[in-house]
Amino acid sequence: MRGVLCLGRILDRLTSWWFWISALLIGTLLVLFFIMLGDQSGASISKFSWKFLFTSTWDPVHQIFGALPFLYGTAMTSLFAIVFGGVIGIASALFLVYFTRGRLRVILGTFIELLAAIPSVVYGLWGLFVLSPWLQNYGEPFLARVLGFLPLFHGMPVGVGYLAAGIILSVMIIPTVTSITRDILLAVPQDLHEGGLALGATEYEVIRNISLPYARAGIIGGLMLGLGRAFGETIAVTMVIGNRPEISASLFAPGYTMASVIANEFTEATSHLYISSLYEVGLVLLVVTILFFGVARLLIWRVSHVQKGRMV
Amino acid sequence: MQWRKAKNRIFSTAIIALSLLAVLPLFLILGYVIYRGLPGLNLSFFTRLPAPTGIPGGMANAVVGSLEIVFVASLISLPVGIGAGLFLSEFRVPRVQSVIRFFSDVLSGVPSIVIGLLAYALVVAPMGGFSGLSGSIALAVLMIPTIARSSEQVLRLVPVSIREAALSLGARRTQVWLRAVLPTAMSGLITGFLLAVSRALGETAPLLFTAFGNQFWSNNLLKPTAALPLQVFVYAISPYQDWQQEAWTGALTLVLIALAINVLARLGTRAVK
């Protein structure tokens with residue numbers, strides 16, 4: 001009897017350890033990322049220091065590495081995505097919460113969530129063989145004709161480039177933005193919304209002046225999560241961005257992003273400094289995404305937390 | 001007065017139009033993938049090895065390799081993910097728990113290509129070569145936070161009364177967790193796990209310099225291993241027509257698997273509710 005009890009106690013201790021170790025492993029992993037990337041990019045950091053972030057030369061032959069073109073490409077495509085994907089995503093969330101109920105809501109919500117289930121490489125394939133030829137032949141010439149006075153729409157229509165990558169990324173972040181915004185909007189107290197309508201405001205005025213301001217922090221958090229996804233998205237972008245380390249004001253031009261340069265060049269990098277520079281690009285990418293994810297989570301957490309406090 | 005109503009009308013129309021625009025790509029992409037991929041979808045695609053251009057080949061090794069890599073990734077990530085989920089739902093250490101919760105959310109945002117870099121530095125470089133195992137480890141890191149957070153959420157739904165009932169019958173804590181709490185939450189746990197698997201099956205970036213791909217049967221996970229999304233990527237950017245055709249068929253296969261898993265997972269959640 002005593003032996004059985006002891007065994008039980010040991011088993012209890014073991015399961016507790018298992019839970020603790022699993023939890024601590026998650027924390028360790030994140031720390032491990034920083035240590036490993038910092039360690040591996042040491043050579044590049046000590047050689048180029050801060051200039052790495054502000055140099056636009058990427059020349060493996062002469063061993064000069066600067067990440068500016070990739071920073072620019074990532075910023076440009078992600079901003080494009082967050083403007084277009086953000087507007088469409090928030091609009092869909094508003095539609096799901098305030099304009100429809102019942103079956104249509106479920107079906108539309110499911111469709112938008114299924115967008116997130118399509119593998120990245122399939123987006124890339126579609127972007128490469130359908131979207132960019134279309135852009136080259138119809139989309140970009142049209143934009144150049146109508147908006148050609150802006151430097152954004154200058155230059156040869158190539159098809160692959162910032163515009164194609166931006167459009168693909170917009171589609172890819174819509175599910176993230178929509179689902180977070182929907183959850184946040186559902187957390188806005190219904191009394192407020194109905195109160196506004198009862199006072200004679202139109203649906204537009206209620207959403208504009210009551211619902212959106214109330215949910216603002218959470219929606220911004222959702223947008224930042226989308227931005228974090230866009231920063232890190234690799235394969236689809238690599239397939240449609242054109243992979244040229246140049247900085248161009250035109251959306252039609254081919255470019256490069258932080259994630260896609262690692263994907264393309266890591267296995268081909270020959271010298272130690274080259275590999276180290278790619279690791280440093282990875283480090284920058286990690287720091288930027290984690291910053292955005294961290295802030296986004298805090299904002300979302302704060303809104304839903306305030307909500308919980310009020311309900312109790 | 002009229003202007004306010006008109007503005008409302010314009011706003012509503014814009015919202016409806018934009019929501020339709022949001023789901024349009026789903027149909028455009030799915031439709032085109034089916035249109036291009038279906039002609040190549042036959043048995044030989046799943047039984048033949050990749051062949052040089054001009055000779056009919058398939059992606060049999062990539063399908064098997066993907067399954068192997070994801071299976072090993074699941075073996076690694078399931079105990080850790082569920083363990084962390086149990087830690088977050090069953091223990092009472094609020095400070096530590098909120099830190100772990102936050103870390104886990106942030107970890108889920110680490111770009112998959114950076115996870116590939118980690119696996120390269122920790123596994124590929126010390127082992128001296130690309131391997132399917134390093135790909136599995138990369139995918140496991142990707143799956144852990146998803147499994148942890150989703151299992152925490154379903155474990156929280158398990159009524160306290162079930163735990164109390166088990167305890168009052170004289171069960172040990174381990175027995176309560178393993179025989180009462182986990183079985184009750186099982187269908188929800190499976191749903192979360194399936195969604196993580198579906199995401200891992202479609203990932204390409206972390207496999208580029210871990211599993212690396214292979215043109216032959218790769219039964220040994222310590223050697224370079226083929227994977228379906230990787231093969232689709234390589235064939236898509238190749239200049240050959242017949243390889244591009246196979247890339248579309250591979251993409252269709254990936255989409256079908258992803259959608260099937262998602263539908264399955266959804267049915268699971270509905271059963272719980």
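Contact here means heavy atoms within 4.5 Å. With that in mind, welcome to this predicted model.

Let's start with B:Asp105, which sits in helix 4 (residues 94–107) of chain B. Leaving aside residues up to four places away in sequence, B:Asp105 touches A:Phe293, A:Arg297 and B:Arg149. With B:Arg149 there is also a side-chain polar contact of 2.9 Å. Is B:Asp105 buried or exposed? B:Asp105 is buried, because its relative accessible area of 10% falls under 20%.

Next comes helix 1 (residues 2–37) of chain B, with 36 residues. From first C-alpha to last, helix 1 reaches 52 Å, close to the 52 Å expected at 1.5 Å a residue. There is a bend of about 30° at B:Val23, and the proline B:Pro25 follows within four residues.

Now for the aromatic rings, which form 34 pairs over all chains. Two of these pairs are set out below.

| Pair | Centre to centre | Angle between planes | Arrangement |
|---|---|---|---|
| A:Phe95 and A:Phe99 | 6.4 Å | 10° | stacked |
| B:Phe91 and B:Trp177 | 6.0 Å | 55° | tilted |

B:Phe91 lies in the loop between helix 3 (60–90) and helix 4 of chain B, while B:Trp177 is in helix 8 (residues 173–184), so their pair ties together parts that are 86 residues apart in sequence. B:Phe91 is buried at 10% relative accessibility, and B:Trp177 is buried at 7%.

A:Phe95 and A:Phe99 are four residues apart in helix 4 (residues 68–99) of chain A, which means about one helical turn separates them. A:Phe95 is buried, with a relative accessible area of 9%, whereas A:Phe99 is partly exposed at 25%.

Ring pairs also link a cluster whose members include A:Phe48, A:Trp58 and A:Tyr274.

Note on methods. Residues numbered from 1 in each chain as written. Chains lettered and ligands numbered in written order. Predicted model: local features only at pLDDT ≥ 70, side-chain atom pairs only at ≥ 80, totals over all residues. Heavy atoms only, no water. Helix = DSSP H or I, 4+ residues; strand = E, 2+ residues; numbered from the N terminus. Buried < 20%, exposed > 50% of the residue type's maximum accessible area, 1.4 Å probe, protein only. Polar contact = N/O pair within 3.5 Å; in protein donor to acceptor, adjacent residues only side chain to side chain. Expected span 1.5 Å × (residues − 1). Bend = angle between axes of the 7 residues up to and from the residue. Phe/Tyr/Trp six-rings, centres within 6.5 Å; stacked < 30°, edge-to-face > 60°.
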